[in-house]
Amino acid sequence: MIYPVIWQEDRALLIDQNRLPTEYSFVEISRYEDMAEAIKTMIVRGAPAIGVAAAYGVYLGAREIDTADRQEFLTQLEQIAQILGQTRPTAVNLFWAIARMLKAARQTVGPVDYIKTVLLETAKEINAEDLQTCQAIGDRGLEVLPTQPEKLCLLTHCNAGALATAGYGTALGVVRSAWREGRLARVYADETRPRLQGAKLTTWECVREGIPVTAITDSMAAHCMKQGLIDAVVVGADRIAANGDTANKIGTYSLALVAKAHNVPFFVAAPLSTIDWELPDGSQIPIEERHPSEIYQVGDTILYPPGVEFYNPAFDVTPANLIAAIVTEYGAFAPSQLKEKLHQQQAV
Ligand code: MRU
């Protein structure tokens, strides 16, 4: 199994996702400022994994607070939470996990040292729950995949795998479950410009586990669908609005349009913690804009002449009407059913 965030001997170990696939190494994080930096620089990335990392970050900050006064402790904890919350704007799991940590601190009665131990336990719970949640998402995904052909070719975008979660993955969780049940012929992985999470991370996970994987560039998806190579598309999500509009890695929206044009079902796989019930639709989802060097530079190679300007939104929003179903740990639902079926389940 692949676990991108591990708690060991009083510190967090993060798989350095910026070094994959050439180097499989860990970064040790003992201070909340370093956790914030690791999230910003995408050593750890993917919505649920960011949430897990931030939860440990809150604890790392808490343990540094040097006061026995409860109110002073909570005030300082909120400042730490704010810094962690300023790392990446789109994935709502970040804010969900931080809110859950703050709630645990506020609700705990007892001395400050005891609140600190509760915070560590809560971070570990968030981590363990996400792993179970992803396994459930993977299995529930099997219920909506096309029944024919028996062995499916699934296309995915970005990395919504073990690396992007506590382990197992959401979209790649569905792929893993399909592989386990003998229902997968192959997964097609969009390389996912500009940061190449599909190329570097999704293919790495698949090869490691013997799942047949074919990499394509993002621009090849329509052609592959026209050729009948793709039976369904499964992607993850960074934030889902109450009506089912879904923010995910840039390029997801065009993939959904192309899938619609070819009658290929398009599924989103995500935990309840990715749904933002406060947003009625996707128009208010904040879209992170990242540094243009992600576009103009690959390794040491500069791709463009001087004088070019760049626009680098990291996410886009796929309208709910392009999504056949949203697969959650509670089952798969049409976007229009989301609120009615899931709103009563408390995510925090
Ligand atoms: O910028 P990233 O790599 O953090 O973006 C990740 C994605 O867009 C994933 O598809 C999403 O977080 C779902 S992860 C289960």
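Reader: How many nonpolar, polar and charged residues are in the lining of the second largest cavity?

Author: By class, four are nonpolar, two are polar and four are charged. Nonpolar here covers Ala, Val, Leu, Ile, Met, Phe, Trp, Tyr, Cys and Pro; charged covers Asp, Glu, Lys and Arg; the others, Gly among them, are polar. The model is predicted: local features need pLDDT of at least 70, side-chain atom pairs need 80 or more, and totals for chains, interfaces and linings use all residues. Residues are numbered from 1 along each chain as its sequence is written, and side-chain values use heavy atoms, without hydrogens and water.

Reader: Which residues line the second largest cavity?

Author: Look for P194, R195, Q197, K249, I250, R290, E294, N312, P313 and A314. The volume of this cavity is about 40 Å³.

Reader: How do I read a cavity?

Author: Rolling a probe the size of a water molecule over the atoms shows where empty space is left. On a 1 Å grid over the protein atoms alone, a 1.4 Å probe fits in a cavity but cannot get out; a pocket is open, with protein on both sides within 12 Å along at least five of seven lines; lining residues have an atom within 4 Å of a point. Volume is the space filled by probe spheres set on the points, which are joined across faces, edges and corners.

Reader: Where does the largest cavity lie?

Author: Between domain 1 (5–135) and domain 2 (138–345), because both give residues to its lining. The domain bounds come from an automatic or database assignment.

Reader: What is the volume of the largest pocket?

Author: About 430 Å³. Of its 16 lining residues, N18, P194, R195, K200 and E294 are the closest to the centre. The lining has five nonpolar, six polar and five charged residues.
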